[in-house]
Amino acid sequence: MIVSLIKKIFGTDNLRELKRLQPLVKQINELEVDFEQKTDDELKAMTPLFRERLKQGETLDSLLPEAFATVRETSRRTLDMRPFDVQLIGGIAMHQGIIAEMATGEGKTLVSTLPAYLNALTGKGVHIITVNDYLAKRDSEWMGTLHRFLGLTVSVIHHGISQEERISAYKADITYGTNTEFGFDFLRDNMALQADMQVQQGYNFAIIDEVDSILVDEARTPLIISGPVERTGKQYFQDLKTPVEYLMRSQSQLVSKLLNDAEALLPDNEYEACQHLLKAKRGAPKNKRLMKLIKDGPLKKIIDQIEMDNIRDKTLHEVDAELFFSIDERSNTIDLSDQGRLALSPQDPDFFVLPDLSMSEELADLSDDERLAKQQQLEKDFSEKSEKLQNVSQLLKAYSLFEKDINYVVNEGKVQIVDEFTGRILPGRRYSDGLHQAIEAKEGVRIEAETQTLASITIQNYFRMYAKISGMTGTAETEAAEFIKIYKLKVLVIPTNRPVRRIDYTDVVYKTKKEKYKAIIDEIIRMNEMGRPVLVGTVSVESSELLSRMLPKRIKHSILNAKRHQEEATIVLNAGQPGAVTIATNMAGRGTDIKLGEGVIHCESCCYLCEADKNCSDCPDPVKQGKKMTGCKKDMPCGLHIIGTERHESRRIDRQLRGRSARQGDPGSSRFFLSLEDDLLRIFGADRISGIMNRFGMEEGEPIEHKLITRAIENAQKRVENRNFEVRKHLLQYDDVMNKQREIIYALRNRALHDASLEDLIQQHIDEIAPGLCDEYFHEGIPPEEIDIKGFKEDVFKHFATPLWNTPEELIKAKPEELEQLVLDAIDAVYHKREKQFGTEMMRQIEKWVFLRVQDELWKDHLLDMDHLREGIGLRGYAQQDPLREYQKEAYDLFLKLDSHMKIEFIEKLFTAQIMPREEIREQEQQKNIVLGRGKDPDQQEKKPTKRKQPKVGRNEPCPCGSGKKHKKCCGQ
Ligand code: ADP
Ligand code: MG
């Protein structure tokens with residue numbers, strides 16, 4: 001019976017996969033009686049036995065049944081839980097590198113102990129990744145009991161532990177921690193100046209809990225370690241704040257006027273009115289009055305049509321011309337118009353116009369010195385103005401698109417980002433490119449210093465380093481394509497231990513947010529009066545608080561939002577008590593189980609989740625077998641009730657919220673309340689939905705509930721999901737280029753860090769650079785009188801601090817090989833003299849230090865160059881070039897330059913380095929200032945004005961790449 005039910009729900013491929021694992025489950029079950037008989041000591045003795053058998057050549061796969069039977073029995077004894085068969089299936093799947101989709105409350109924490117134990121037997125370490133520190137600690141303690149019983153070591157890494165603790169934590173068989181802890185440790189390890197400061201031991205097997213949250217949601221932003229910018233340009237946020245506020249006010253007056261005009265034209269002159277409304281929308285998309293005016297579908301449709309027409313005819317700038325600035329909500333960009341420039345700087349309208357750097361005519365009559373001075377002045381103006389413009393654009397964004405308590409909160413004088421998906425505060429993370437400073441200026445808190453990237457990696461590329469990864473979550477299926485494509489991870493949907501008994505009601509859609517909220521309050525009160533616990537999921541801190549204020553005093557409730565995330569777990573734990581009302585931002589408290597309190601369940605068998613068109617004869621629900629609808633179906637009388645206050649961009653997040661109810665076969669229900677003013681509906685799906693609404697003739701205050709609407713919303717969500725997937729894929733395609741470079745650089749670095757001596761490397765570099773110099777000055781066919789002996793000697797001295805005492809005749813006469821040998825010998829002699837002076841041991845130390853310092857310094861600059869390249873490349877698309885291909889090509893060139901630059905600089909510094917013990921201290925101080933953060937959401941990227949152009953380099957001038965060669969012989973070839 002169960003099998004056919006599963007088939008109905010999960011499709012045949014999945015079923016085949018489940019069947020494939022059945023024999024293993026059978027084997028484990030058959031071992032159960034044997035293992036029950038074992039004494040504690042015999043059970044404990046299994047671990048060394050397995051390890052021995054591995055040594056003898058057995059594989060993890062062949063040990064699996066016995067190892068799983070061991071864990072099952074140990075779990076029963078130590079945790080008082082006997083893993084169910086479906087949990088064994090989940091465990092096998094994860095061992096095989098598959099994502100196990102198991103509903104909330106199915107006991108995934110316990111499931112993970114099965115593959116963790118088995119894979120830890122190799123001694124290569126298993127990392128279990130959780131969504132927050134709290135869960136890492138909880139799970140490591142909870143599951144640690146089981147593992148420790150079996151003789152494994154278990155550890156946890158979290159914010160605030162010491163370096164020593166971290167090192168020993170990574171040596172454990174099983175290590176728990178968040179993805180950011182693991183990722184940042186990786187980056188820090190690659191900034192370590194001594195081998196014994198590195199903490200990680202390798203990347204063997206990672207089990208990722210709530211895998212969709214980590215590999216999909218978090219993967220939108222890379223992990224970044226940054227430090228203060230050394231040569232930071234001046235920032236103008238403070239000075240610009242007042243003018244920008246004035247600009248905001250002017251724009252808002254203008255928008256009001258546009259709205260008045262539009263209203264005067266309505267209802268007779270719809271088209272003309274919509275032209276005004278489009279302008280208003282481009283000026284202030286979140287204007288309340290505007291939103292109210294166009295909430296009715298038809299106007300919105302006309303506006304969108306006019307906008308599309310303008311985009312097609314490339315006339316959008318004419319629409320925007322009257323505005324002070326225009327906002328494109330879809331691409332999240334802001335453009336300042338001439339009007340806007342004038343308003344910002346009435347005395348000098350040109351103030352915000354970038355100077356033309358190629359004013360060659362004007363410069364033609366000047367003397368060389370004057371021209372140079374003039375050019376430098378121009379460049380200075382240019383960079384100052386472009387910085388100011390950038391600051392203005394960020395301030396406008398901060399005022400128009402970023403709302404306090406939705407996108408960020410202000411806590412103790414700090415602006416903190418609120419995660420758009422989870423609603424949690426992301427402490428320490430900053431928006432990049434000055435946006436964070438702009439928000440700080442807006443909120444009047446201290447503006448913190450701009451920082452520069454020292455190291456970064458995407459979540460995708462961090463996890464790709466593991467020999468094997470797997471994961472578990474309640475919601476992976478909708479993202480299965482992405483898991484396969486990006487991570488080569490399959491998804492297996494595993495049936496619940498007991499059939500699901502949750503009724504998911506159709507969405508109710510209201511015209512306005514106000515009506516929607518009122519309906520939500522009514523529903524909460526109704527459920528509360530029935531004694532049912534209610535969990536309300538919101539998308540922002542603001543709507544949580546709004547609902548809380550709207551609730552009558554007598555209804556006691558807890559709010560779970562980004563501001564109080566420490567208490568999350570405890571509050572969620574009680575969310576299943578009779579009459580409990582919990583308002584939580586999306587997914588807050590994920591990972592904590594909501595157990596139902598006494599009296600919340602009234603009936604033991606009803607309301608099994610079913611699909612309308614499926615055969616009901618083998619349904620476990622006795623009522624449905626007779627195909628009669630129960631009263632329950634219309635109004636669920638028991639279990640936890642979930643209220644969604646808005647649809648999320650991603651269906652997965654909605655499923656996650658629903659999944660909080662009806663765990664482990666409990667009854668439960670869920671309902672989403674929407675309004676046409678919700679962002680998702682407004683931006684992505686309004687036409688179709690309002691079309692349907694009109695068809696059904698909707699009255700004020702009257703909601704609509706229809707499958708068609710639910711489907712239209714789902715389609716809107718699918719479109720957004722696809723777009724977001726594209727964004728992540730895009731990020732990854734670009735990061736792949738970086739990743740290859742990072743792998744090379746980090747491998748070099750690690751070799752330098754761990755090798756006893758760098759002598760071979762140094763010799764290689766010298767053997768490459770010195771002959772290059774000889775060749776450059778003494779190339780074939782050059783007449784002896786044209787050889788620049790002085791230049792040659794200077795170059796040799798510059799690179800190797802080695803004076804050449806030979807006469808010009810000696811050098812000119814020498815055959816090429818002799819010349820090379822002569823130079824190499826001289827260099828060698830100098831090097832050995834230095835070695836003698838410092839002592840061998842110290843010399844080895846200096847070599848390492850210089851290598852690491854030079855590499856880190858140049859790598860950091862390279863990261864900045866790559867950032868600029870990436871920003872600039874977006875614009876190339878217009879020139880019919882494939883931006884990604886261009887990016888790859890230019891990134892490769894940059895990398896070649898970095899490579900040669902690094903070699904030369906390393907050798908130069910090595911020959912001139914002096915012992916400066918204070919350096920070490922400074923270095924360590926600098927390390928203290930580093931900031932761990934996340935990159936900007938690629939979705940929110942914008943186009944910056946192109947940065948200063950590289951000044952043109954003469955063919956005979958030194959190459960700007962720093963190689964010391966002439967430009968024509970180096971990058972200018
Ligand atoms: P999930 O992560 O899948 O949402 P949890 O790991 O938080 O679920 O577990 C949910 C609850 O189920 C926990 O209270 C746990 O003790 C319980 N549980 C899990 N597996 C079993 C089992 N085999 N027998 C009894 N209780 C179990
Ligand atoms: Mg969990």
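Which residue forms a salt bridge with Arg651, and how far apart are the closest N and O atoms? Keep that one in mind while we set the ground rules. This is a predicted model, so local features need pLDDT of at least 70 and side-chain atom pairs count only at pLDDT 80 or more, while totals for chains, interfaces and linings use all residues. Residues are numbered from 1 along each chain as its sequence is written, chains are lettered from A and ligands numbered from 1 in the order in which they are written, and side-chain values use heavy atoms, with hydrogens and water left out.

**Exercise 1. Work out the Arg651 salt bridge and say what it ties together.**

Step 1: A salt bridge is a side-chain nitrogen of Lys or Arg within 4 Å of a carboxyl oxygen of Asp or Glu.

Step 2: Find the partner. Arg651 pairs with Glu721, and their closest N and O atoms are 2.7 Å apart.

Step 3: Arg651 sits in helix α28 (residues 651-658) and Glu721 in helix α30 (residues 707-754), so the pair ties together parts that are 70 residues apart in sequence. Helices here are DSSP runs of H or I with at least four residues, strands are runs of E with at least two, and both are numbered from the N terminus.

Step 4: Check the cover. Buried means under 20% relative accessible area, exposed means over 50%, and partly exposed is in between (1.4 Å probe, protein chains only). Arg651 is buried at 18%, and Glu721 is buried too, at 8%.

**Exercise 2. Describe the salt bridges of Asp185 and Glu529, and say whether their residues are buried or exposed.**

Step 1: Take Asp185. Its salt bridge goes to Arg166, with 2.8 Å between the closest N and O atoms. Asp185 is in helix α10 (residues 179-189) and Arg166 in helix α9 (residues 163-171), 19 residues apart. Both of them are buried.

Step 2: Look around Asp185. Ten of the eleven residues of α10 are buried, including Phe182, Phe184, Asp185 and Phe186.

Step 3: Now take Glu529. It meets Arg554 in a salt bridge of 3.7 Å, N to O. Glu529 lies in helix α23 (residues 513-529) and Arg554 in the loop between α24 (541-550) and β18 (558-560), so this pair ties together parts 25 residues apart in sequence.

Step 4: Check the cover again. Glu529 is exposed at 57%, and Arg554 is exposed at 56%.

Step 5: Zoom out. The whole structure holds 62 salt bridges.
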